[in-house]
Amino acid sequence: MLAYVAAVAKNKVIGKDNRLPWYLPNDLQFFRRKTLSGSKTMIMGRRTFESLPKVLPGRKHIIITQNKDYHVNDENVQVVHTIDDLMPYVDTEEEYFVIGGAKIFKMLFPYTQRMYITEIHEDFVGDTVFPDYEQAEWKVTEKKEGIIDEKNIYKHTFLTLDRI
Ligand SMILES: NC(=O)c1ccc[n+]([C@@H]2O[C@H](COP(=O)([O-])OP(=O)(O)OC[C@H]3O[C@@H](n4cnc5c(N)ncnc54)[C@H](OP(=O)(O)O)[C@@H]3O)[C@@H](O)[C@H]2O)c1
């Protein structure tokens, strides 16, 4: 199954200038732990891949791009070109983690069954947003408040949502 992993501001912003608009190490830790579980496979858009500091250790990266000449010389990276190439990951028991960005979250929304959302309870200026969705179609199955400290200054909540 496809499982989204996203950090979303109160005003739905998720990115600015191809990076995250905030620094929240608690969320980076959550992201790391989650994507290192199960299939250890992350599906992402080309722009999100290029926003990463490097190929992330221990995880397979599936990158979608229209550019047929796009290659990444790393055994943990696979490049695909159409949404059909991602359909084998939809009807599986195991979770395949869709990690963004905005275009990919929007495109795959009908196919995702689960979302791990870190709600950040602040508005941020940005240029990319999480897609609007019908809340009544989702059930919160886990909810945990993040711990605020000197390095994690924004109030945040870790949510798991399952499609009803
Ligand atoms: N807060 C969060 O949780 C979070 C998570 C991830 C990303 N982000 C942020 O989101 C922003 C990036 O999002 P974005 O929407 O600009 O980019 P994106 O979704 O990461 O990537 C878009 C690219 O994916 C490829 N693509 C999209 N649809 C496709 C299709 N149908 N077929 C083939 N290729 C397709 C295209 O690549 P080509 O142009 O190469 O063809 C397109 O330019 C950044 O600011 C990033 O930091 C935030």
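The structure is a predicted model, in which local features need pLDDT of at least 70 and side-chain atom pairs count only at pLDDT 80 or more, while totals for chains, interfaces and linings use all residues. Residues are numbered from 1 along each chain as its sequence is written.

Let's start with the strands. Helices (H or I, at least four residues) and strands (E, at least two) are DSSP runs, numbered from the N terminus. Two strands pair if DSSP finds at least two bridges between them. Strand 1 runs parallel to strand 7 (residues 112-120), with 8 bridges joining the two; Tyr4 has Met115 of strand 7 as its bridge partner. Strand 7 also pairs with strand 10 (residues 156-163), this time in the antiparallel sense over 7 bridges, and here Ile120 stands opposite His156.

Now turn to helix 1. Its buried residues (20 or more other C-beta atoms within 10 Å of their own, C-beta atoms being placed from the backbone) are Asp27, Phe31 and Thr35. Because they cover an arc of only 60 degrees around the axis, they sit on the same side of helix 1; the arc is that of the directions from the helix axis to the C-beta atoms. An α-helix has 3.6 residues a turn, so residues three or four places apart point the same way. The face turned away from the buried side carries Pro25, Gln29 and Arg33, which are exposed (12 or fewer such neighbours; anything in between is partly exposed). The buried residues of helix 1 pack against strand 1, strand 3, strand 6, strand 7 and strand 10, with contact meaning C-beta atoms, placed from the backbone, within 7 Å.

Next comes the ligand. It is surrounded by 29 residues, the closest being Gly15, Gly45, Thr48, Gly100 and Gly101; a residue counts as near if its C-beta atom, placed from the backbone, lies within 6 Å. Strand 1, strand 2, strand 3 (41-45), helix 2 (46-51) and helix 3 each supply at least two residues of this shell.

Finally, look at the backbone. Most residues other than glycine have a negative phi, and most peptide bonds are trans. The peptide bond from Gly100 to Gly101, however, is cis, and Gly101 is found in the loop between strand 6 (96-98) and helix 3 (102-108). Lys12, in the loop between strand 1 (2-9) and strand 2 (13-15), has a positive phi of about 75 degrees.

Definitions and conventions: Two residues are in contact if their C-beta atoms, placed from the backbone, lie within 7 Å.
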